[in-house]
Protein chains: 2
Amino acid sequence: MKKQQLGACVTFFPQPTTLIATRSVEGEVNLMMASWVGIVSKTPPTIAVSLNRDRHTYANIKASGTFSVNVVPSRMAEAADACGLASGKKVDKQKLTALQVSSGTLEGVSLVDESPLNVECRYVSEVELGDYRLVLGEIVEIHACEEAFNEEGKADVKVFDPLVYLGGMREYWSLGEKEANAYSAGLALLNKD
Amino acid sequence: MKKQQLGACVTFFPQPTTLIATRSVEGEVNLMMASWVGIVSKTPPTIAVSLNRDRHTYANIKASGTFSVNVVPSRMAEAADACGLASGKKVDKQKLTALQVSSGTLEGVSLVDESPLNVECRYVSEVELGDYRLVLGEIVEIHACEEAFNEEGKADVKVFDPLVYLGGMREYWSLGEKEANAYSAGLALLNKD
């Protein structure tokens, strides 16, 4: 496959589309769009969020010691994008988007109701990376849309309908078709060997 | 939306599907499937990969100081899954999958030819997280499928066709439809305010 060089940049995909919900010392909820988010350990369950040190969300996490990562469904693309464009220092993004929040398990944590998957976290530590801070949070509880699960506990991904972010391309996409089962599709190749 | 609690686990999506390409001291190429991968800084461009400290890939990165992150297209779902199931300590995964590699810009870096986006990295540091190591790599160069770009330099996401991993659901999905443009779709909501 013929390639062209893009240089040393941050073009990478697919990425998750999430809203990071935090609370200020005054108790105001803030929502920040984030795609630089991912699982980084199972021992204990840990999620990492990278954000600019000047973000209102960063100050809120430092002050409260908690945050939640809320997976954005396709239908919320416009609201999520607005939460990426506006600063919580100037705009009340919960009011702007009319998104509702509920309390989590931890004191002071807000979970976005319309999100099909809420990851509730306790701040653990951070890594300084230039203007960015990689915040590591221990996952305390995960709240998942009940409607997505059938009687056997098997989940239907289409009910979660997670929005995919294409970093560098600056586009949001929905999921298409299931291509394969993980920990399974590769067995045919391995057994052929 | 009614929720059910999944406990403190690592269910999270959507995630990227990538192959981490490394070389051993003996020069053998290894390919590891990884979805715990993401951009963590722009200053300088940095990518993070979390992997178990027992992985062959981890030893290779430590020894060579370099690695590449190769985005997996939909058609490579089976090969990628096989690279997640087998250990590089026992199986020659390049031979198993018949994937071709080319040299990168850095000495000793291998890029998967069939991947539409190769992120070439230099090891910078790591964070210890239980049994896992969060490896931070400075992005030195990004190689993108030339065919995806039109004459104006605008890329067609469908040509990249990146495979999405649904962590916790253990499923691979293709992309469906473009839902919105980022840094744009939210303007309508902001201007209405």
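**Note on a two-chain predicted model**

1. Ile142(A) stands opposite Gly7(B), which lies in strand 1 of chain B. Strands, of at least two residues (E), and helices, of at least four (H or I), are DSSP runs numbered from the N terminus, and two strands pair if DSSP finds at least two bridges between them.

2. This is a predicted model, in which local features need pLDDT of at least 70 and side-chain atom pairs count only at pLDDT 80 or more, whereas totals for chains, interfaces and linings use all residues. Residues are numbered from 1 along each chain as its sequence is written, while chains are lettered from A and ligands numbered from 1 in the order in which they are written.

3. How are the two chains arranged? Two copies of a chain are related by a rotation about an axis and a shift along it. Here a rotation of 180 degrees, with 0.0 Å of shift along its axis, superposes chain B on chain A with an RMSD of 0.0 Å, and the two copies are thus related as by a two-fold rotation axis. The superposition is by least squares on the C-alpha atoms of residues with pLDDT of at least 70 in both copies. Within chain B, the residue that comes closest to this axis is Gly176(B), whose C-alpha lies at 1.7 Å. Both copies use the same surface, since 100% of the contact residues of chain B recur in chain A; two residues are in contact if their C-beta atoms, placed from the backbone, lie within 7 Å.

4. A residue is buried if 20 or more other C-beta atoms lie within 10 Å of its own, exposed if 12 or fewer, and partly exposed in between, with C-beta atoms placed from the backbone. Within chain A, strand 11 pairs in the antiparallel sense with strand 6 (residues 45-52) over seven bridges, and Asn52(A) stands opposite Tyr132(A). Strand 11 also pairs in the antiparallel sense with strand 10 (residues 117-129) over 12 bridges, where Glu120(A) has Glu141(A) as its bridge partner. The hairpin of strands 10 and 11 has two residues between the strands, and in it Gly130(A) takes a positive phi near 60 degrees.

5. Helix 1 of chain A (residues 56-64) has four named residues that are buried: Thr57(A), Tyr58(A), Asn60(A) and Ile61(A). Seen down the helix axis, these fall within an arc of 160 degrees, so they line one face of the helix; the arc is that of the directions from the axis to the C-beta atoms. The strands of chain A against which they pack include strand 6, strand 10 and strand 11.

6. A cis peptide bond joins Thr43(A) and Pro44(A), with omega about -5 degrees, and Pro44(A) is placed in the loop between strand 5 (37-42) and strand 6 of chain A. Arg170(A), although not a glycine, has a positive phi of about 60 degrees, and with 15 C-beta neighbours inside 10 Å it counts as partly exposed. Ala98(B) likewise has a positive phi of about 60 degrees without being a glycine, and it is exposed, with 9 other C-beta atoms within 10 Å.
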